[in-house]
Structures are given as C-alpha cells and as structure tokens.
Amino acid sequence: MFSRPFKSVLSHARYLPLWSALTAFRWHAFDVRSRGLGATLEAVMRWFPPAGRKFDREARRVFPDMKRSARAQMGRAMGRNMGQTLFEIYHGGEFATQHHKFSASGPGLDALKEAHMAGRGAIIVSGHFGQWEAVRAVIKMHGMESGAVYRPNKNRHYERRLRAGIEAGGMPILATGRVGTKALVRHLRGGGIVSILLDEKYAEGVPIPFCGVDALTSLSAAQLALKYDLPMIPAYGIRTGDGHSFDVEFEAPIAPSDAITMTRAFNDSLSARILAHPDQWYWMLKRWDGT
C-alpha cells in the first residue's frame, strides 16, 4: 500500500498539469481562459496516444464505419469542448452569472415551473454532454435552484475545485452513496429540484441500449420519479456557434410508466443528442464496459 506522503505527492503531480494550464491564462478574460484550457485538452487528445486510443475504442463502438482520421478529429474536438466545460465548472460562480450566454427553450421548462409553483420536487436528467451546468444556470435564472448528485473525486485538489464550482450552480450537492441517497430523498420530498447525470456506467444497472449499444444503466432516477410522483425532465446545454453560447433545451417530461421504459426513453433522448453532436459528449466514461 502507498504511504500517505506518497499519495499526497501523487495527488499534487496529477493536479499540476491542470493547475499550470489554469495559471497560464489567469489574467485573461473569461472566454479567453476557457479557450485556453480547451486548446490544452485538444492538444492532449492529439499528442498523448493513450488518450487517443481510449477515445477511439469507445467511438468505434458507435461509429465503426467512420474513418480513423475522422474519429481522431472528433476526439480533438471533444477535448476542446470538454476543456472549456471543465474551466466553466471550475469557475461556476462566474459562469452562472453570464446570463447573456444562455438561451432556454422547450416544454420541460414550463413543466418544471409548474411543479415548483405547486411545491412539488422534480428530477432533471442529463449527461456529460455539452455544458451540463448551463442547465442549472438557467434554472437559477428563472428563480429556482437545482441541487446536483455527483461522484466525489479521489484527488483532493480536483475535488476542492470541482466541489466549489458545482456548489456555485445550486444547492444541495449530494454525493453518491447511501448517505447521499437519503439526503436526496428528503430534498425531493420537500419540493426540491435535483439534477442527475445518468450516463455513467452503473455496475448494478440494467443493460439498456445507449447509442445503439447495450450499456449498464441506473434506474434510480425513474424509480424516484415514480415513487414520489415527480416529473423526470431531460435537459441539455448545447454549446453553439462561438463555443461560448448555449442553447439550453428542456424536453417534455418522460411519461410515467415503469423504471426500465422511462430510463430507456432517457437513453434514447441523450443518444439522439450525441449522434447529432458527437464531439460534445465525453467519450471517456467507459460507458459500455461490463456488458
């Protein structure tokens, strides 16, 4: 086992590249700094072979007939988009106040407002697509607040920065696990809104098609929606044009039926978004492992 001092040094070493990239642009305007980190991660995808191979393995599952050079180009674009997304999350307080960047639409927003006015909770479901924190920023713009479920990062430096950025988007922030689940239920039953990213592999999940390939998927969001009679609303923050503006689209609530059918409907919804904008989804989640 690693000693505590060694683990601390390793944590510092892993955080150093990101810290360096953030520091290099710290005196520039917000959008310039965002592009700077985007360019850094684009370069990682271009020049760091392990990252490129990992991306290609996942993208090939969905796009087996795409030329390898085209997949590589898509991987670099993904790196650029995810670099900007990461920067915006790290600076969540500043990002959430830039209302001019957000354009909101879709029937799900009205459904969310109706639930809020009635004192009912609601579940927003999304994925690591586009800028998912733009969804919570828009909810805040409309006089509401959405908490979030997140998986804590093992690296304390990443965790500190990520947690602070996510908290700026809305409270409460609920870690995955038994304690977090109990707090989540209390929040929802009390009329709260919560956002859940539902596109990570869940080892105890059910195989449900995702971009045409079965993936282990958690049923928890649908189960909560059914148990407490809550709207389950897919929502996405799509990066547009200049890369610094967002079309935030709230789809109609998924019709209540059973947990598998509802979760499959969400997977189909997110899959359609990914197939339309494949460079805006984070392909490094090992989404299809274990199936």
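User: What volume does the largest cavity have, and why is it called a cavity?
Analyst: The largest cavity has a volume of about 50 Å³, where a volume is the space filled by probe spheres set on grid points joined across faces, edges and corners. It is called a cavity because, on a 1 Å grid over the protein atoms alone, a cavity is a set of points where a 1.4 Å probe fits but cannot get out. The structure holds 1 cavity of 30 Å³ or more. This is a predicted model, in which local features need pLDDT of at least 70, side-chain atom pairs count only at pLDDT 80 or more, and totals for chains, interfaces and linings use all residues. Residues are numbered from 1 along each chain as its sequence is written, and side-chain values use heavy atoms, with hydrogens and water left out.

User: What makes a residue part of the lining, and which residues line the largest cavity?
Analyst: A lining residue has an atom within 4 Å of a point. Glu88, Gly92, Phe95, Ala96, Glu133, Arg136, Ala137, Gly165 and Gly169 line the largest cavity.

User: How do you know that strand β2 is mostly covered?
Analyst: Buried means under 20% relative accessible area (1.4 Å probe, protein chains only), and 5 of the 5 residues in β2 (residues 122-126) are buried. Ala122, Ile124 and Ser126 point one way from β2, and Ile123 and Val125 the other way.

User: Why are β2 and β5 said to pair?
Analyst: Two strands pair if DSSP finds at least two bridges between them. β2 and β5 (residues 193-197) have 5 bridges in the parallel sense, so they pair.

Methods
1 Å grid on protein atoms, 1.4 Å probe; cavity = no way out; pocket = protein on both sides within 12 Å on 5 of 7 lines; lining within 4 Å. Buried < 20%, exposed > 50% of the residue type's maximum accessible area, 1.4 Å probe, protein only. Helix = DSSP H or I, 4+ residues; strand = E, 2+ residues; numbered from the N terminus.
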